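Subject: Structure for your review

Dear colleague,

Please find below the structure I am handing over to you. My findings follow directly after it.

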Amino acid sequence: VVVENNIIYGNGQNGINMDGVQDSTFQNNLVYGNARHALRDYKIDAAAGAARLRIVNNTFVATGGWAIKLSEDAGGHVIFNNILAGSSGSLSVGTTSGLVSNDNVFTASLSVDNEASTIALATWRSLTGQDAASKSSTTGALFTNAAGADYTLTAASPARNVGVAELSGVRAPAADLLGTARPQGGAIDAGAVEAR
């Protein structure tokens, strides 16, 4: 499955809700204003949980949960160039097996154990060996007007020019959610919308 170039908001539960989705790509999506998590993959009726997801250049803002929450997690994910903002946390995985994650911008804590505990970015790095080039920020510093659903990047946004063209054999999309070519500056921006 490829899920790309969507604006998803106003749902009563998760923005992107999946039961056992594997080997799929999520890129250039803006997900905000949903009641729970921005992207959620789990196992209820499926034969297995999340595995080998490619999550690239998304803006995931969760006011009622995690930006990304993966449980019953088989690992193998590649996650980069994303802005992950969540009231509960930025990224929660069930395993770090095969995880490759970098060049993201986080606004909240992370979890390696299905949110049984939450940790800061520095601890995440030491436990997982991932996200050496990722950054921590706030929604106020990142976005023009998050309260007004304007998720374009501010002139001084920490998400500008921090992305990469490729990670672990997965390429970033050549254009953003609005069709603007990447990069517009010295490097690709994190998130779904490239600053002009």
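Rings of Phe, Tyr and Trp are taken as a pair if their centres lie within 6.5 Å, the six-membered ring being used for Trp. Please note that this is a predicted model. A search of the whole structure with that criterion finds three aromatic pairs.

Tyrosine 9 and tyrosine 32 form one of these pairs, at 5.3 Å centre to centre and with 10° between the planes. The pair counts as stacked because planes under 30 degrees apart are classed that way. Tyrosine 9 belongs to strand β2 (residues 7–9) and tyrosine 32 to strand β5 (residues 30–32), so the contact ties together parts that are 23 residues apart in sequence. Tyrosine 9 is exposed, with a relative accessible area of 52%, whereas tyrosine 32 is buried, at 15%.

Tyrosine 32 also forms an aromatic pair with tyrosine 151, which is tilted, with 5.0 Å centre to centre and 45° between the planes. This pair links distant parts of the chain, since tyrosine 32 lies in strand β5 and tyrosine 151 in strand β18, 119 residues apart. Tyrosine 151 is buried, with a relative accessible area of 10%. Together, Tyr9, Tyr32, Phe143 and Tyr151 form one aromatic cluster.

Strand β17 (residues 143–145) pairs with β18 in the antiparallel sense over two bridges, and phenylalanine 143 stands opposite leucine 153 in β18. Four residues separate the two strands of the hairpin, and alanine 149 in the turn has a positive phi of about 60°.

In a regular strand the side chains alternate between the two faces of the sheet.

Arginine 40 has lysine 69 as its bridge partner in β9.

With kind regards

Terms used
Residues are numbered from 1 along each chain as its sequence is written. This is a predicted model: local features need pLDDT of at least 70, side-chain atom pairs count only at pLDDT 80 or more; totals for chains, interfaces and linings use all residues. Side-chain values use heavy atoms; hydrogens and water are left out. Two strands pair if DSSP finds at least two bridges between them. Rings of Phe, Tyr and Trp (its six-membered ring) pair if their centres lie within 6.5 Å; planes under 30 degrees apart count as stacked, over 60 as edge-to-face and the rest as tilted. Buried means under 20% relative accessible area, exposed over 50%, partly exposed in between (1.4 Å probe, protein chains only).
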